[in-house]
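This briefing is for a reader who is new to the structure shown below. Please look over the sequence and the model, then read the points by topic.

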Protein chains: 2
Amino acid sequence: MNSSVQGVFAAVLTPLDGDLAPDRAAIARHCRWLRDNGCDGLSVLGTTGEANSFSVEERERLLEGLIEDGIPGNVLLPGTGCCALTDTVRLTRKAVELGAAGVLMLPPFYYKNVSDDGLFASYAEVIERVGDARLRIFLYHFPQMSGVFLGHDLIDRLLKRYPDVVAGVKDSSGDIDNMIRNAQAFPGFGVLSGSDEFLLPLLQNGGVGCITAVANVAAFLAAEVYAAWREGDGERAAHIQARLTAVRNAISALPLSAALKEIMARHTGDDGWLHIRPPLARLNPTNAADLFITLESLDFNPPPAP
Amino acid sequence: MNSSVQGVFAAVLTPLDGDLAPDRAAIARHCRWLRDNGCDGLSVLGTTGEANSFSVEERERLLEGLIEDGIPGNVLLPGTGCCALTDTVRLTRKAVELGAAGVLMLPPFYYKNVSDDGLFASYAEVIERVGDARLRIFLYHFPQMSGVFLGHDLIDRLLKRYPDVVAGVKDSSGDIDNMIRNAQAFPGFGVLSGSDEFLLPLLQNGGVGCITAVANVAAFLAAEVYAAWREGDGERAAHIQARLTAVRNAISALPLSAALKEIMARHTGDDGWLHIRPPLARLNPTNAADLFITLESLDFNPPPAP
């Protein structure tokens, strides 16, 4: 399967207004900045984007707003996986109608210790109900957050039943061996790392890119890694990868969405970036100050904000 | 605080139709049967009721249907806690408008390792947004499923800020020491066990009752325990509690919703009871057969179905 979903994707933050509702103008502006500065695509409404803190209506309006504000549908890989089958179907349909490149689909994540039969039935039921040949699903494997494990056998079973729909996986497990195993076992199945640190090693072993939180501020570095690797310049790729990993480690030592919103607030001079919906919370001032000291020591300077 | 939420509550199953949508007539029938056979109240749309597998609209319609079908609002303790703040506010408002005795509120459960500040802000924001003096919240503590821990200090903080709203907790942690500690530390705060096995020990130590899955089929036993305890007949209470615990252990060795739906299907002769929404799945035939053998050996016979 050839997919447009490859390269560097940001797990896009969702800027909020004073009522803690998604700020349509601000996210469109952020998406444009990301595209201008290294992002091949935009995975809005994922974990970093606080998707599960928004109602389905809020998520639909956010997607529609992006399209109306000029973001091309075919660079979008929105998260659409909810706990409720009917919600996942509704959001997935919306994404397909808006021309998204694909959808990033968490398994239903409330119940724990569910069977592979139950997980297979969840994905199968969504695919059948959406019933659209344009649908491309990227499984979202993030067991530390979802509490649900999307194992090799389940992927194999889904690929055998829905080879034209099941297009890849975002693997946020942090287990590079698992990523490589899936990339090598399933030709044409696009494996993307959920963490910047594995971008280069995964590309070198059959993967197709990354979808990361840190790309909200460091996509320019990830894009350099990707470009150097495509040009066969392994030395330069490794050098930039080391810089990217250092930045990633500094940020991911803290709650990611909150830390990234602090960075964007300082970078843009817009304190609106600090709004975050509970249960997430702003960084405490000490952590924020320490983060900026560390980033300065790494000489980390994102491209100018618009 | 005096609350009507005490005694035996079922965590009510949600019967589904062939499209895996809630079956309005069947749940009303089930609720009437439960009230006629030992339940003081009905906690619909909890974990056992597959609430998180339904959209907010499906849940609203289910609640409205129950009222229209003659179930009194004041025996209902519906689950209303969702991942999204706006969903929780909407469902909670609906429950209050329908005259529910209270609501059972999970914390937002997607993000893990969230701070007590973030959890406090989640509950506070819901309470402020609902803004209704009739609101009574029972916290839903089920860390094994939600991945979120509602600790003693958080409850203390919520009670100090919202003493008229925060009315109690359903504790499904299985930690009887935690239940007793909260019951004794917070006078007037209603602690209910999420598991039948702790009904009597919790009543004897300051708790007010239970809200359980197994009450879908065994409320008649739990009601006997409760009645004997109120009458001061400790010996009889302990005797029936032992029977209830044995039944509970047999059922809870299997996935609860699926096992209980099997029992109801056989008990009513209605195979519609076997529908279950993914990611949950039907019991496999061997497990179902073994369950019925065990229940027979316990001489377990629920009251006749309508």
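B:Ala253 sits in a loop of chain B, between helix H10 (234–252) and helix H11 (256–268). The model is predicted.

- B:Ala253 counts as exposed because its relative accessibility is 64%, where the cut-off for exposed is over 50%.
- Between B:Ala253 and B:Ala215 there are 16 Å in space, from C-alpha to C-alpha, and the two are 38 residues apart in sequence.
- A:His141 belongs to strand E4 (residues 137–141) of chain A.
- Is A:His141 buried or exposed? A:His141 counts as buried, because its relative accessibility is 1% and buried means under 20%.
- A polar atom of the A:His141 side chain lies 3.3 Å from the backbone nitrogen of A:Leu150.
- Leaving aside residues up to four places away in sequence, A:His141 touches A:Phe149, A:Leu150, A:Val169, A:Lys170, A:Asp171, A:Ser172, A:Ser173 and A:Asn178.
- B:Ser3 is found in the segment before E1 of chain B.
- With a relative accessible area of 24%, B:Ser3 is partly exposed, since that class lies between the cut-offs of 20% and 50%.
- B:Ser3 and B:Gly102 are 99 residues apart in sequence, while their C-alpha atoms are 9.0 Å apart in space.

**Strand E1 of chain B and its partners**

- Strand E1 of chain B covers residues 7–11 and is mostly covered, with five of its five residues buried.
- Which strand is joined to E1(B) by four bridges? That strand is E7 (residues 209–212) of chain B, and the two run parallel.
- Within this pairing, B:Phe9 has B:Ile211 in E7(B) as its bridge partner.
- E1(B) also pairs with strand E2 (residues 41–43) of chain B, in the parallel sense and over three bridges.
- Here the bridge partner of B:Ala10 is B:Leu42 in E2(B).
- Together with helix H1 (residues 24–36) of chain B, E1(B) and E2(B) make a β-α-β unit that is right-handed.

**The contact between chain A and chain B**

- Chain A brings 42 residues to the contact, and chain B brings 42 residues.
- The size of an interface is often given as the accessible area lost when the parts come together.
- For chain A and chain B, the area buried between them is about 3,100 Å², with 61% of it on carbon and sulfur atoms.
- Of the area that chain A buries against chain B, 26% is supplied by A:Tyr110, A:Tyr111 and A:Pro279, which is more than any other three residues give.
- How many salt bridges are there between chain A and chain B? The count is two.
- A:Glu57 and B:Arg90 form a salt bridge, and their closest N and O atoms are 3.3 Å apart.
- There are 19 residue pairs in polar contact between chain A and chain B, counting pairs with both residues at pLDDT 80 or more.
- On the side of chain A that touches chain B, at least two residues each come from helix H2 (56–68), helix H3 (85–97), helix H4 (116–130) and helix H5 (143–146) of chain A.
- H4(A) gives the most to that side of chain A, with six residues.

Key. Residues numbered from 1 in each chain as written. Chains lettered and ligands numbered in written order. Predicted model: local features only at pLDDT ≥ 70, side-chain atom pairs only at ≥ 80, totals over all residues. Heavy atoms only, no water. Buried < 20%, exposed > 50% of the residue type's maximum accessible area, 1.4 Å probe, protein only. Pairing = 2+ DSSP bridges. Right-handed = clockwise from strand over helix to strand, strands pointing away. Contact = heavy atoms within 4.5 Å. Buried area = accessible area lost by both parts, 1.4 Å probe. Salt bridge = Lys/Arg side-chain N within 4 Å of Asp/Glu carboxyl O. Polar contact = N/O pair within 3.5 Å; in protein donor to acceptor, adjacent residues only side chain to side chain.
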